[in-house]
Amino acid sequence: MHDLPYLTLSEASELIADRSISPLEYTSTLLDRINELDPSLHAFTNTRAEGALRDARRATDEIRDGYWKGPFHGIPYGLKDIIDFEGLPTTAGSASLENSIAGQHSTVARKLNDAGGICMGKLATHEFAAGGTPLDQPWPPAKNPWNLSHDPGGSSSGSAVALSAGLLPATIGTDTGGSIRGPATSCGIVGMKPAFGRISRNGVLPLSHTFDHVGPMARSVKDVAILLQVLSGHDAADAHSVAYGAIDYTGALRGGVENLRVGFIRHFHDTDTDDVDPAIATSIEAASRTLSRLGVAVEDISVEPLAAYASVYDTIMLSEAYRIHRRRLTEDPSGYGELTRARLLKGATITEAEYSAAVQLRQNLIQKFTTATSGFDAIICASSMDTPAPLNDRKRLVHTYSRQARKVFNVVNAPAMSIPVGFTDSGMPLGMQIATASSNESAILTLGHAYEQETGWLRRTPPLDH
């Protein structure tokens with residue numbers, strides 16, 4: 001008997017392709033699990049049960065008749081609720097958009113559907129993906145499946161919760177300053193911010209034109225590779241889309257890691273941040289040793305301190321976010337939650353001269369980072385500096401939110417992925433980032449897959465069913 005809720009995407013795909021399970025059986029099982037668990041988890045802002053079952057019947061018939069579209073055919077998925085799916089609300093986690101119905105699919109939704117995917121609904125997000133766990137919106141904040149009293153990270157909170165809890169095998173998030181990698185770290189799943197422009201942002205509510213990314217989230221590195229294969233490609237409908245060449249991401253998983261050269265940015269957690277949770281440092285050091293045993297040459301490297309990246313990021317992001325929201329903030333400030341409104345209004349105080357200076361400083365940081373990481377196939381470093389905070393501890397939630405090393409890779413325009421590297425004594429997940437200084441997600445996937453196969457952290461599941 002297959003444990004359907006905790007199949008990885010790739011496992012489910014193989015079972016569907018050889019007709020051991022049908023998309024209808026799989027979808028029905030997950031819908032039942034969503035109905036049972038989500039009232040406590042709050043991963044979804046809305047579900048699409050009737051439409052999902054209809055799509056699952058179609059996929060079942062197609063595969064039975066010999067028309068298999070590929071590894072995503074018959075796979076249920078969910079979208080962060082700032083990504084349009086025709087006929088569903090795109091609420092952005094805000095009461096002001098609760099009844100805003102998308103008139104057409106985003107490019108991401110269209111690609112997933114064309115590949116045979118089954119949309120199960122929209123997933124919780126921090127309001128407008130602006131950061132900070134909301135407590136004043138129509139949807140209660142999503143809860144961490146490893147401890148329901150704790151925060152799952154954000155802003156792609158529901159996307160990570162749904163994966164970790166066995167509600168879905170694939171979700172799509174967005175990442176402006178770590179919003180895929182943060183909840184991936186907190187919930188013990190895999191999440192990637194791909195190279196800038198790799199995945200279309202058409203039909204996705206913006207926060208920062210400079211830093212916004214759409215990216216895959218799943219329970220294994222192989223699953224992320226499958227999603228990246230489906231979602232990548234130039235899109236004329238997105239002015240920020242980049243025409244990269246075609247890449248075989250799943251083929252990268254077959255690559256060896258012997259003699260790869262990896263730079264370890266230890267100072268992010270060792271000296272740049274005070275009072276880092278000891279479990280985080282211990283787990284990353286252990287992961288480094290595991291990579292060494294696999295034949296990877298791991299060497300310490302130094303880049304600019306975290307504070308330099310954070311300052312540039314905050315100036316650019318807040319300025320751009322305020323410009324995007326300025327009209328709505330002026331006309332209807334009460335349409336925003338307290339935390340989001342306060343955060344976005346910080347952008348109103350940033351002058352054009354300050355913004356321009358930050359853009360120039362960013363270019364300097366990119367150049368220095370590229371020089372420091374030259375000759376390395378990949379980079380590893382911490383993701384979060386603290387384990388997830390209790391949801392009822394607002395002070396700690398705010399304190400821990402900015403204590404991370406994820407903004408770095410938005411600033412330097414480099415792809416990065418968070419993978420699980422262990423658990424605390426109390427059973428909370430720990431994560432590490434793998435990145436590259438170039439637009440080379442394949443190197444990240446190769447290294448992450450090798451580590452994952454060696455350790456098997458992905459087989460641990462939350463205590464929801466115990």
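I shall discuss helix packing, the nonpolar core, and then several individual residues.

First, some notes on the source. This is a predicted model, in which local features need pLDDT of at least 70 and side-chain atom pairs count only at pLDDT 80 or more, whereas totals for chains, interfaces and linings use all residues. Residues are numbered from 1 along each chain as its sequence is written, and side-chain values use heavy atoms, with hydrogens and water left out.

Let me begin with helix H7, residues 221–231, and helix H16, residues 441–455. Helices here are DSSP runs of H or I with at least four residues, strands are runs of E with at least two, and both are numbered from the N terminus. H7 and H16 pack with their axes 9 Å apart, at an angle of about 155 degrees. H7 is therefore roughly antiparallel to H16. That term applies to angles over 145 degrees; under 35 counts as roughly parallel, 65 to 115 as roughly perpendicular, and the rest as oblique. The axes are lines fitted to C-alpha atoms, for helices over the stretch in contact, and the angles run from 0 to 180 degrees between N-to-C directions.

Which residues in H7 and H16 meet? From H7 they are Val221, Lys222, Val224, Ala225 and Leu228, and from H16 they are Glu441, Leu445, Gly448, His449 and Glu452. By class, this contact of H7 with H16 has five nonpolar, two polar and three charged residues. In this scheme, Ala, Val, Leu, Ile, Met, Phe, Trp, Tyr, Cys and Pro are nonpolar, Asp, Glu, Lys and Arg are charged, and the others, Gly among them, are polar. Contact itself means heavy atoms within 4.5 Å.

Both helices are mostly covered. In H16, twelve of the 15 residues are buried, and in H7, nine of the eleven are. Buried means under 20% relative accessible area, exposed means over 50%, and partly exposed lies in between, using a 1.4 Å probe and protein chains only. Among the buried residues of H16 are Glu441, His449 and Glu452, and each of these also takes part in the contact with H7. The buried residues of H7 include Val221, Asp223 and Leu228.

Just after H16, glycine 456 takes a positive phi of about 75 degrees. H7 is likewise followed by a glycine with positive phi, glycine 233, near 140 degrees.

H7 has a further partner, helix H4, residues 107–114. The axes of H4 and H7 come within 9 Å and cross at roughly 110 degrees, and the two helices are therefore roughly perpendicular to each other. Here Val108, Lys111 and Leu112 in H4 meet Leu227, Val230 and Leu231 in H7. This contact divides into five nonpolar, no polar and one charged residue.

I turn now to the core. The largest nonpolar core has 132 residues, and those with the most contacts inside it are Phe72, Leu112, Phe268, Leu445 and Leu447. Such a core is a set of buried Ala, Val, Leu, Ile, Met, Phe, Trp, Tyr and Cys residues joined through side-chain atoms within 4.5 Å. Its largest share, ten residues, comes from helix H11, residues 306–331. Leaving aside neighbours within four places in sequence, phenylalanine 72 is in contact with residues including Leu112, Leu227 and Val230.

Finally, some individual positions. Is asparagine 410 buried or exposed? At 0% relative accessibility, asparagine 410 counts as buried; it lies in helix H15, residues 407–411. Beyond its neighbours within four places in sequence, its contacts include Asp175, Arg181, Lys193, His213 and Arg362. Aspartate 61, in helix H3, residues 49–64, is partly exposed, with a relative accessible area of 33%.

A cis peptide bond, with omega about 15 degrees, joins glycine 154 and serine 155. Alanine 92 has a positive phi near 55 degrees and counts as buried at 0% relative accessibility. Alanine 129 also has a positive phi near 55 degrees, and this residue counts as buried at 8% relative accessibility.
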